[in-house]
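Visitor: Please take me in for a close look at a single part of this model. I would like one connected account, with the terms spelled out.

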Amino acid sequence: MSSPQALPAPPLSAEHADALRRLTDGLDGAGLWWLSGYAAGLASRSAAPAAQAPIARGEAAAGNRLTIVYGSQTGNARRVAERLAADAERGGLAVRLLGADAYPVRELKHERHLYLVVSTQGDGDPPDDARDLYAFLTGKRAPKLPQLHYAVLGLGDSSYPQFCAIGQALDARLAELGATRMFERGDADLDIDTVAGPWRERALAAAREALKPSATVTPLRPPSAAASAWDRDRPFAAELLVDQRITTAGSDRDIRHVELSLEDAGLQYEPGDALGVWPRNAPELVDEVLSTLALDGDTAVVHGGDELPLREWLGARRELTRLARPLLAAHAERAGDAAFAALLAPDRNAELARWAERRQAIDLLREAPAAWSADALVAALRPLTPRLYSIASSRKAVGDEAHLTVAHVDYLHGGARRFGVASHFLAAAGEGASVPVYLERNERFRLPADPARDVIMIGPGTGVAPFRGFLQERVAIGAGGRHWLFFGNPHFRSDFLYQLEWQRALKSGQLHRIDLAFSRDRARNAASGSAAAPRKTYVQDRIRERGRDLYAWLEGGAHLYVCGAIAMGKDVHAALLEVIAAHGGRDAEAANGYLDELQQQGRYARDVY
């Protein structure tokens, strides 16, 4: 890539040009591409009404251009979109690739060929970067689109009731606005490539037919010589250095602090990024499945071009700890259980989700016995997928290591002990073991470029992980901004994660404020000293209590971050709206607009899962 000094002279003042050079100094390729899209979005929003002359040229260009827009929470939709864009470029097509938060919605009425790749979060929510685009398209301001040809690929998890709901809604809405569907929508489950692969091939064929290839296409992303050799498909074997429980006796939660060596990996992570872990199913679970079905683990099974013993398929290649609708449907048919089959009706999605929440494949096989062959079982089970963990460290503080905060999933179902696949894989591995990992960048969850900005961090439970890395980073660079942490968990004595670190940081002035919410500790009546009825207090309650100060920090330019469970993220968002309305003198609509503006400015970021 050419250096900024080699570019033509920009239409900027010397002061702004110098600021631009300082801003881009040190950014990697992903950061530069994100910045370019963000700047394009700002330019679209701030363009003067009179400056409409270029539209005609843009409209003409749009007629022979493919626009690919992705909405991604964990990176899967982005990867699919990037691969599609790269394939289209190699085919000589003019392609524009944008994240949903960088797409200038005013250009939608001029688009001619649009592909949307979008994930669905939790119970039917758009990913954070697609919230504005989704609201625009489903709202009253969306234009009629008779000129548009489009296709949609939805990504989701069939264990949730609203599987691929956002992709389905956008697909239907574009048709309602008069756009022409180029081919059928794809709904991809966690085994993404099963659907995304054929959809991408069809998308390429349709684009080649609709657009004229050009011999002078400029690549969207120049190749990077510094790119790591390790990725999702080629994980790095990291040594497990430390596996330490950080909840104490009396806690019903087993939370681990995990340290992994990345020496010689070249994985240059930043605070806010995640580490993907490729796990194996516990050998005991594999043995239980084989025993229940009376199958031989040494039986050779050929599937998808690979031949492996059944035991290896079940140990390393197939999902056993999460139930998905395809397996449920196939098993209901084999078991001939009418009541179970009725549970799969579309109007019983919520009931099915509750039923499947704490059941694993082995529980299904035991509760509704049915015969399976080795080949059929491998074909019916979903591929095992990696698990993502927010990195709880800064390279400036720990060097070639990555620290994780892992909740070991361990519970009883029907008297049998069940585990989460990745958390148990790490917990059982033992120090010195090799753990396959890769880096998952999260460009939307970054510390402010200006170290003088204040930072508000809301992270109950293991959601506190990235904020440990945030504080390490800010201390290492001598950031002048203040730091405020909201943390919650069930009990103060047993569940205060990284308690000594936070207390030392508070005492030294590195952490300026901390507000705690321990939901299962009993409130005490100060007057009588008697035990009061249990009163649960969560981080959203502390947010409301500290609302005046929190709003003052936001008005002073603070950046706001939320990390943790999806349900918590919704509750915190609602509390923030109340705080902004109460202390900013705004109605509900204006408060919502305030938060939306913070998000557009990159000052309100969420990492919810």
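Guide: Contact means heavy atoms within 4.5 Å. By that rule, and not counting residues up to four places away in sequence, L560 touches I456, I458, L554, L576, R603, Y604 and A605. L560 is found in strand β20 (residues 559–564). Helices (H or I, at least four residues) and strands (E, at least two) are DSSP runs, numbered from the N terminus. L560 is buried, with a relative accessible area of 0%. Buried means under 20% relative accessible area, exposed over 50%, partly exposed in between (1.4 Å probe, protein chains only). R606 lies 46 residues from L560 in sequence, yet the two are 8.5 Å apart in space, C-alpha to C-alpha.

A word on the source. This is a predicted model, in which local features need pLDDT of at least 70 and side-chain atom pairs count only at pLDDT 80 or more, while totals for chains, interfaces and linings use all residues. Residues are numbered from 1 along each chain as its sequence is written, and side-chain values use heavy atoms, with hydrogens and water left out.

Now the whole chain. It has 23 helices and 21 strands. Buried residues make up 49% of its 609 residues. Among contacts between residues at least 6 apart in sequence, 77% join residues at least 24 apart.

Next, a helix pair. The axes of α8 (residues 283–293) and α9 (residues 310–317) come within 10 Å and cross at roughly 135°. Axes are lines fitted to C-alpha atoms, for helices over the stretch in contact, and angles run from 0 to 180 degrees between N-to-C directions. α8 and α9 are therefore oblique to each other. Angles under 35 degrees count as roughly parallel, over 145 as roughly antiparallel, 65 to 115 as roughly perpendicular and the rest as oblique. From α8, V286, D287, V289 and L290 meet L310, R311, L314 and G315 of α9.

A nonpolar core is a set of buried Ala, Val, Leu, Ile, Met, Phe, Trp, Tyr and Cys residues joined through side-chain atoms within 4.5 Å. The largest has 33 residues; V289, L310, L314, L320, L327, W372 and L377 touch the most other members. Helices including α8, α9 and α10 (325–335) each supply at least two residues of this core. Another core, of 27 residues, lies apart from it, with A81, A88, A203 and L204 among them.
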